[in-house]
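Here is a short report on one protein model. Please look over the sequence and structure first.

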Amino acid sequence: MKTSKILNVILAVAVIGLVVKVVFFSGCRPTQKNETLETGMAAINLIMSRTSIRAYSGQSVENDKVETLLKAAMAAPTAGNKQPWKFVVIKDKQILNRLASGNMKMAADADLAIVVCGDLNLTFPGEGVDYWIQDASAATENLLLAAHALGLGAVWCGIYPIQERVRMLSELLNLPEHIIPLNVIPIGYPAENPEPKDKWKPNSIHYDSWDYMEEQ
Ligand SMILES: Cc1cc2nc3c(=O)[nH]c(=O)nc-3n(C[C@H](O)[C@H](O)[C@H](O)COP(=O)(O)O)c2cc1C
């Protein structure tokens, strides 16, 4: 009798404890679903607020940030998971200055530049050979977004398919024939704060099939 009374008291205390926990604490902590939603919105805001940055402050970019940029680039999707890319990180001021002409004048003020290249020895065989361009482009966009997330400024400077630029880069960086420079990304801490461009055009979207009437 005495033992069963003690057991009842223990049981009652446990039940009350559980009720208190559920009623008072479950509402205070954000649920995992809310956390996911917040992280998701932060990621979308990051995508929407990225813009090309072409002026840099001169402050040097930390090595761990450069590594994060490269990790983000290599996290991109690739056809058949071939990862047909190579990255040339340029920190040498003389090389940055040699790059800094024509479409890449801003390279002179950048702390570094990353050249995103396709590796023709790794790309998809046969008809899919040009997938390297899409693969390296996906890596580039990841890199640009990561730069923005880290408070850095960067801009995509196109190289391939302009043959004169490809030749210039290949010579300057001593690239082997199977390595094709797709672009140069000058990077630094921003010295400008341009508004992101509004590119939202609903009439660029077609639903289910092409609506010719809507185009007129
Ligand atoms: C394939 C490609 C090539 C580009 N080449 C250059 C370039 O040579 N020089 C430059 O200043 N910007 C270049 N850009 C950046 C674009 O000018 C820029 O992305 C565009 O104006 C939209 O602006 P936003 O990046 O601020 O949204 C290039 C972008 C892409 C995708």
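## Burial and basis

Of the protein's 216 residues, 23% count as buried. Buried means that 20 or more other C-beta atoms, placed from the backbone, lie within 10 Å of the residue's own; exposed means 12 or fewer, and partly exposed falls in between.

The model is predicted: local features need pLDDT of at least 70, side-chain atom pairs count only at pLDDT 80 or more, and totals for chains, interfaces and linings use all residues. Residue numbers start from 1 along each chain as its sequence is written.

## Fold

The protein has seven helices and five strands. Both are DSSP runs numbered from the N terminus: helices are H or I with at least four residues, strands are E with at least two. From the N terminus, the order is α-α-α-β-α-β-α-β-β-α-β-α.

## Core

The largest nonpolar core has 37 residues. Such a core is a set of buried Ala, Val, Leu, Ile, Met, Phe, Trp, Tyr and Cys residues joined through C-beta atoms within 7 Å. A113, I114, V116, L143, V184, I185 and I187 touch the most other members. Two or more residues each come from α3 (63–74), β1 (85–90), α4 (93–99), β2 (112–119), α5 (131–149) and β5 (179–188). The largest share, seven residues, is from α5.

## Ligand shell

Around the ligand sit T51, S52, R54, N103, V155, W156, C157, G158 and K197.

Key
Near = placed C-beta within 6 Å.
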